[in-house]
Amino acid sequence: MCEKQGRLRILVVDDEQKQRQILKILLNSEGYEVRTADSVETALERMAEKEPDIVITDLRMEGQDGIALLEQAKRKYPSCKVILLTGYGSIENAVEAMKKGAWFYFVKGKGPEELLAELRKLQNAYLSKQNGKRLQEENRNYMLDTKNEELRKIFRIVERAAKSSANILILGESGVGKEVFANYIHQLSRPDRKFLAVNCHALSDSLMESELFGHEKGAFTGAIGTYKGRFEAAEGGTLFLDEIGDIPRNVQSKLLRTLETRTIERVGSTQSIPVDFRLISATNVDLEQAMKDGDFRSDLYYRLCTITIVLPPLRERKEDLPELIRFFLKKYGAEQEKEMKEPDAEVGDALLAYNYKGNIRELKNVIERLVVLSEDGTVSLEDLPDQFFEKKMPVKESFGGSSLKEVRMQAEKELILEVLQMQQCKTKETAEHLGISERQLFNKLKEYEIDLKKLKMKQKEKSKPPVERVV
């Protein structure tokens, strides 16, 4: 497929020049990249030069016919789709060709709408596949290449679980990448099918049942027609229910029945409709506590958690931060058409030391902000959001007149001294509390001329029991 332009490449094959020209004009007007050939032999030469996504060929031609081209195209280019053009008298032959692998047949003389509709379906399928590959590559860049052992174990579990149709429950804080992770599982298990994500938190209790299961015309005020819910829309693919902990009790009962019977009933109907889907759920709610409080059904919970995955927050896998920062700098730099430079030590330390409460989502926003505000591809400390300085820069009168850099350094020194005292001068524990490595901590001690030996001696003096005076 023509990835740069996102257009389908189509080869039109017909021994009638007028028919070729009509189709080329029609398809060009729809935005497709079109080439033509007047025979099977010429078509095969064109295909060897540049493989098309679709071949539209007349069934009956002088010499080799459309069936011969179909057989050779499917053998040499298995991913290429072949559409046959046929007259009313050759429909039987076209049906036989469908059994040999033709994608679709179109009867000459009919309006072009049916042919164009079929091409749009193929266009959407190709775009979906292309987006899936892009997303999978993006996931590989900033998720699969993790240095965190806990996350590596999770990936090993997922790769095995994806081969089954088992329900998967993803737990983790907001922003850790639950939807991205769910899409990755989908790409491993049903890559050519639809991935449908539903944010249950965004649906009101009154609309949730209708949105998930659909409704019949007249089922309630405003139901002016039949509506297929998300379960039906996800047929054959993956349904991702995000924030499933927010589903009300009455909908939980219906969801449980759907998982047990693999059928749904639309609101306002008693007819059972079979559905085929892969279910992945996610939440940042403590479902075990919700069960104790009576807000979540235990039988539904055990249905959902055949495989449970707990994604660690970003602050617990800071070894991945340098690579994530580089990845997002490159990503947003490309979007803004800027060639981004590596952050200097000051900005780098600030990005690594910060505990991202919003996890990867917050990190992405921070990096995008830095890229947008950057000049000549250089990110600046001053462009970091205010929350980066909330703890490091308390407002004090003594800071008046100081530069931003001086204030930051003074606040950072005070914070390090405070944590060192709290951790009894243990450098490993201090570094962990500050969210930096021991090497970075020692660099800071040297930079701020903090004498660790003197600090330890002071602490020993303070910890000595008071000397009793003999009167």
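I took two strands as paired if DSSP finds at least two bridges between them, and I took helices (H or I, at least four residues) and strands (E, at least two) as DSSP runs numbered from the N terminus. The model is a predicted one, in which local features need pLDDT of at least 70 and side-chain atom pairs count only at pLDDT 80 or more, while totals for chains, interfaces and linings use all residues. Residues are numbered from 1 along each chain as its sequence is written, and side-chain values use heavy atoms, with hydrogens and water left out.

I looked up V55 and found V82 of strand 4 opposite V55; strand 3 (residues 54-58) and strand 4 (residues 81-86) run parallel and are joined by 5 bridges. I then read the order of this open sheet of 5 strands as 2-1-3-4-5, with parallel pairing. Strand 2 (33-37) and strand 5 (104-107) are its edge strands, each pairing on one side only, and the twist from one strand to the next averages 20°.

Entry on the helices against that sheet. For contact I used heavy atoms within 4.5 Å; axes are lines fitted to C-alpha atoms, for helices over the stretch in contact, and angles run from 0 to 180 degrees between N-to-C directions. I noted that helix 1 (residues 17-29) packs on the sheet and touches strand 1 (9-13), strand 2, strand 3 and strand 4, its direction making about 170° with that of strand 2. Helix 2 (residues 40-49) also packs on the sheet, where I found it touching strand 1, strand 2 and strand 3, at about 145° to the direction of strand 2.

I found an open sheet of 5 strands in the order 7-8-11-6-12, with parallel pairing; the edge strands, each pairing on one side only, are strand 7 (195-199) and strand 12 (307-310), and the twist averages 15° from one strand to the next. Strand 7 pairs with strand 8 (residues 238-242) in the parallel sense over 5 bridges, and I located T238 in strand 8 as the bridge partner of F195. Helix 6 (residues 149-161) lies across strand 6 (168-171), strand 11 (278-283) and strand 12, running at about 155° to strand 12.

Entry on a helix pair. I found that the axes of helix 8 (residues 205-213) and helix 10 (residues 249-261) come within 10 Å and cross at roughly 15°. The contact is made by M208, E209, L212 and F213 of helix 8 with N250, V251, K254, L255 and T258 of helix 10.
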